[in-house]
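Good morning, and thank you for coming. I should like to take you through one structure, part by part. Please keep the display in view as we go.

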Number of protein chains: 2
Amino acid sequence: MNELEFLAALRDLPLHPGARGLEDDCAVFEFGSETLILTHDLMAEGIHYEPEANMADVAWKLVAVNLSDLASKAAEPIGAMLGVSLGRDDTGFLSGLRDALSVYNCPLLGGDTIAGTGASTFGITALGRATCHPVPSRKGSKVGDGIYVTGIIGRALLGFEGQAQHFDAFHRPQPRVSEGRALGPLVSAMMDVSDGLLLDAWRMARASGVTYRLNPELIPVADSARLDECVRWGDDYELLFTADPDSEIPVPATQIGKVEHVGEAPLFLGGTPLTKPGSLGYRHG
Amino acid sequence: MNELEFLAALRDLPLHPGARGLEDDCAVFEFGSETLILTHDLMAEGIHYEPEANMADVAWKLVAVNLSDLASKAAEPIGAMLGVSLGRDDTGFLSGLRDALSVYNCPLLGGDTIAGTGASTFGITALGRATCHPVPSRKGSKVGDGIYVTGIIGRALLGFEGQAQHFDAFHRPQPRVSEGRALGPLVSAMMDVSDGLLLDAWRMARASGVTYRLNPELIPVADSARLDECVRWGDDYELLFTADPDSEIPVPATQIGKVEHVGEAPLFLGGTPLTKPGSLGYRHG
């Protein structure tokens, strides 16, 4: 099976209501008097990073991609469970892990470790506490809302290619945890941009049952000559959200479009309808 | 690094108080008005199962080993986060996963999937809700307590070797979830027997600051001619616990010894002091 087939098959298993049908970035459920938010992301050698990668950066990014999911839910990090297959430069891995857990105040809760037998795999289950209700989801964009994105899109691409000023955007991405919490109470929908701005916008529009019309001239990209690549490459870990255009956005963000009644495509880039997701970003297949 | 070195290094990272110093089977912490219990266990091809293993059994066991940790905390399962690297017979894996999640009423909460690149690795983070307070731990055995174990020790060994009547004990172990909940309010200490009865008893005695004296004639083993192997081999997923010897034990269990003041060794098997853990069971190294 490929990943999409496996995911479809998982949806037939007994699912917790908090799993949101496995269609959101996190599980969300009431526990006691609070709301718990959970995510689990893996990173594997040869898929998410090169065998010669700096392992401190790999550990940082492992924490960051999980916390980016929590950020999209406006969650306050509680802690992380770690799964590790040991391999090359475990000391470096530990140093990057320490950096990320410390900076984002997300202490270790536990985990499991196995001796490595080949390509390494790392996983984190990150737990967070809801800070607003309802917890933001991909559904909820309303016709007339503005579409916004934090930061600059495409920096990870340029960092991956070796441009020094964008190096950290790829190797040490900074999940928008505090921005997510500030935005939580006012957004109508929110997700993090991990697989490419267009693909993630397409998904959020579909989940909300509306059409997003993006203005390509408004999208803040790291290299305007390479707009098409910047909006498709992914790995940016910025926040994409919709909100009433009259609301005061409490963090730096750029309005890049407007929510319309559902039309011929979930997403328009200027006048171009983007019907199918195939060419819009990174798809797990 | 080997696993013990890595674990020691993890203890120097920022730890959540609920991590219990990474010295217990689960993380335990208050969340809202309740107590959350978390565990994370991995299974890897070539380490925990043979490359030709039945993948439905592998999935079952992955769930079972995690739920066994929850059982040792008297926890009620809430759900599971799954991490999967795809590989051989994903359909079989899914069927065993469905079986185990259904039988133990532990629905899927979410997870992540990656394309396989070699030997497969699977991980589950299982969440549970405390059903009694204090939540049982490895610490707490009192001098004069009885030492008890559920079930029969060594069945997994015989099942691994191919004896038909013990086959399921190795391939489809049944975590003692309901037994754990029944025992929770009356035990002074509890853990699950995953790495071998002697090794796990040694650890619990050490954690409790006492000496356990086991009577080898009382230990229920699957093959009395192979007692030494049965009490060392592990993978049994029974519950080991201590309790006031006058208490009425609400589940089938056998008293196998008594808790004494700390002596020359944490553990005695009959008259033999077992000072060092090296030869007592399965050690991750």
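**The surroundings of K61(B)**

Leaving aside residues up to four places away in sequence, K61(B) touches M43(B), F170(B), H171(B), P173(B), D235(B) and Y237(B). Please bear in mind throughout that this model is predicted. The residue K61(B) belongs to helix α2 of chain B. Is K61(B) buried or exposed? Its relative accessibility is 7%, and K61(B) therefore counts as buried, the limit being under 20%.

**Helix α3 of chain B**

Let us turn to another helix of this chain. Helix α3 of chain B covers residues 90-103, which is 14 residues. At 1.5 Å a residue one expects a span of 20 Å, and the end C-alpha atoms do lie 20 Å apart, so the two values agree.

Which residues of α3(B) are buried? They are D90(B), G92(B), F93(B), L94(B), G96(B), L97(B), A100(B) and L101(B). After the helix comes N105(B), which has a positive phi, near 50 degrees.

**Strand β3 of chain B**

Of the eleven residues of β3(B), ten are buried, so the strand is mostly covered. With β5(B), the strand β3(B) pairs in the antiparallel sense over nine bridges, and here L82(B) stands opposite I124(B). With β4(B), the pairing of β3(B) is parallel and has six bridges; A80(B) has L108(B) as its bridge partner there.

**A sheet in chain A**

Now please look at chain A. Seven strands make an open sheet with mixed pairing, in the order β7-β9-β6-β10-β8-β11-β12.

Opposite Y212(A) stands V259(A) in β10(A). Helix α2 (residues 55-72) of chain A packs on the sheet, where it touches β7 and β9 (238-243) of chain A, and its direction makes about 165 degrees with that of β7(A). Helix α7 (residues 197-208) of chain A lies across β6 (146-149), β7, β8, β9, β10, β11 (267-269) and β12 of chain A, at about 155 degrees to β7(A).

**The cysteines**

How many disulfides does a search of the whole structure find? Over all chains, the search finds zero. For C106(A), the nearest cysteine sulfur is that of C26(A), 12 Å away. C106(A) is also buried, with a relative accessible area of 1%.

Finally, the chains together. Chain A is superposed on chain B by a rotation of 180 degrees with 0.0 Å of shift along the axis, at an RMSD of 0.0 Å. This is the relation of a two-fold axis. Of the interface residues of chain A, 100% are also interface residues in chain B, so the copies meet through the same surface.

Definitions and conventions
Residues are numbered from 1 along each chain as its sequence is written. Chains are lettered from A and ligands numbered from 1 in the order in which they are written. This is a predicted model: local features need pLDDT of at least 70, side-chain atom pairs count only at pLDDT 80 or more; totals for chains, interfaces and linings use all residues. Side-chain values use heavy atoms; hydrogens and water are left out. A disulfide is a pair of cysteine sulfur atoms within 2.5 Å. Buried means under 20% relative accessible area, exposed over 50%, partly exposed in between (1.4 Å probe, protein chains only). Helices (H or I, at least four residues) and strands (E, at least two) are DSSP runs, numbered from the N terminus. The expected span of a helix is 1.5 Å times one less than its number of residues. Contact means heavy atoms within 4.5 Å. Two strands pair if DSSP finds at least two bridges between them. Axes are lines fitted to C-alpha atoms, for helices over the stretch in contact, and angles run from 0 to 180 degrees between N-to-C directions. Copies are superposed by least squares on the C-alpha atoms of residues with pLDDT of at least 70 in both.
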